[in-house]
Amino acid sequence: MTACLCFVLQIPVQAKVLSLSDVLSNVFAKSPDLQASSVQVNIQRANSMQLDGALDMHYGASIGLSNESAPTTNPFAPTETNAAFISGQVVQPFENGSTLTGTLLYNRAELIYPASVIPAFQSTPNPQYQHQIDLIYRYPLVAGSGNPNYRYQKEASAEEEKAAQLRIALLKEQIAGQAIGMYAQFVLSDLSLKLAKDAVLRATQLLENQKKRESFGLVEKADRYQTEALLAARKLQLAQAKAEKRAAQTALNRLMYQEANTPLVVKFNSPKIQLQSVSQMLAKAESKRPVFQVLAAQYKAAEAQLSLAQTSDDYQLDLIGQVGTRALDGNAGTAFTKGFNPVHDRYIGISVEFSDVLDNKSSHAAVQKGVLALEGINIERRKALMDLQTEIATLLNDLHSAKITLKASKAQVKAEKKKYQAEMERYQKGRTPTSAVIQFEGDLRAAQLREAIQRVSLGLTEYKLALAVGELPELLGQTQGDVQ
């Protein structure tokens, strides 16, 4: 069972009491990197919406006038043509790859003849009005069947959007690793400060005792000089501890994007992680860590792109069906009305259209790129697994060593306290020199500092292991999305 490491640091009442979960929440709420990643998710979502535009209906219209005058060798031919037209087109693509196109053309043409051409030899009706409506349905039989361009791009876009969202979780995981280190450093700096204060107090008490004994002639000045030197050394260590704590406080505050001198109290609880074998932890991490989820989404997106590239090598074979009406009259209204009547003036046709690219090097290169992209993702995944396996094995070994070392450190501190107290009793009775007391006080301080380092190191290792396995969010009592 993992031991619980609890420290509540004593600093001013105004200080904020923060758990690691609170620290991460503050960082996540203000991190510009996370905000930038969220923008990338929205951009990818917009790209996906843009693909939906492939099924949008397209329409257009045009209107125009023209006058044509050209020389002719035929004395009965018109010398000038005045024309006016209006046309429109609507194109509706479908998800299966087919398209339906509707066109409308309505025009007026007037022929101008030389004065020498009698009306009997002129074209009639003049001016003439034409009205034409067509519906054309194109269905791809091979290339484009099922609309692979839309379908695979849509699938790839959805996976890329998922990967973009998971990259936010990946970035949060990286921030969590950084926060854990700064968090532990702040705890250690505060413990070091406490130990430095205790050491100064012991040296001060020893010096006061020395002065009293010196006044009675029980010790020499040299003994007092030794104690004064000890006190000076402990005060220097206290100043260094204060500086280290200020630096750790500044780093942790800036990580949370708040004023550097904001006073802090942190509640440092070691996570109670369930220890398992390396293989079991590796399997758990593979299912929970965002790095593997990102790679899985990238792999699916690459598969969709490869499928799209493979379809680009297909030949084009389209079935085309067309129906329409034709109307010609000398009256504008009559011609327009007849254009909607398919009984007499109509057009019906069906055709097959074939095309292909000889050798299609572009398609072959695209397929090769797709295959290499999948291979690259597989290599990256294998590397991530091997790196994680090494990390978990190292952390488990560090955790085992830290527990043993902490147990030994606690025993040493207990022994050093007894040794120092016993030596002080002997010193007060004049049975031991000052140098021995100073040496034993130094031994006690060194043992206490080692124990503090080992306690924090054990907690830090447990947090790192929880992060590596992907269990940190649950252990902190947060949702997967909040921490990852």
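**Helix packing, question by question**

Author: Keep in mind that this is a predicted model. Helix α2 (residues 32–52) packs against helix α3 (residues 148–215) with the axes 9 Å apart and an angle of about 175 degrees.

Reader: How many charged residues are in the contact of α2 with α3?

Author: Residues that meet there include Asp 33, Arg 45 and Asp 52 in α2, and Lys 154, Glu 160 and Glu 161 in α3. By class, the contact has eight nonpolar residues, eight polar ones, and a charged count of seven.

Reader: Where on α2 do the buried residues lie?

Author: Leu 34, Ser 37, Val 41, Gln 44 and Ser 48 are the buried ones in α2, and their cover includes α1 (20–30) and α3. Met 49 and Gln 50, on the other side of α2, are exposed. Looking down the α2 axis, the buried residues fall within an arc of 70 degrees, so they line one face of the helix.

Reader: What does the angle make α5 relative to α9, oblique or roughly parallel?

Author: Helix α5 (residues 278–288) and helix α9 (residues 434–469) have axes 7 Å apart and pack at about 60 degrees. Met 281, Lys 284, Ala 285 and Lys 288 in α5 meet Leu 465, Ala 468 and Val 469 in α9. That angle makes α5, relative to α9, oblique.

Definitions and conventions. Residues are numbered from 1 along each chain as its sequence is written. This is a predicted model: local features need pLDDT of at least 70, side-chain atom pairs count only at pLDDT 80 or more; totals for chains, interfaces and linings use all residues. Side-chain values use heavy atoms; hydrogens and water are left out. Axes are lines fitted to C-alpha atoms, for helices over the stretch in contact, and angles run from 0 to 180 degrees between N-to-C directions. Helices (H or I, at least four residues) and strands (E, at least two) are DSSP runs, numbered from the N terminus. Contact means heavy atoms within 4.5 Å. Ala, Val, Leu, Ile, Met, Phe, Trp, Tyr, Cys and Pro count as nonpolar, Asp, Glu, Lys and Arg as charged, and the others, Gly among them, as polar. Buried means under 20% relative accessible area, exposed over 50%, partly exposed in between (1.4 Å probe, protein chains only). The arc is that of the directions from the helix axis to the C-beta atoms. Angles under 35 degrees count as roughly parallel, over 145 as roughly antiparallel, 65 to 115 as roughly perpendicular and the rest as oblique.
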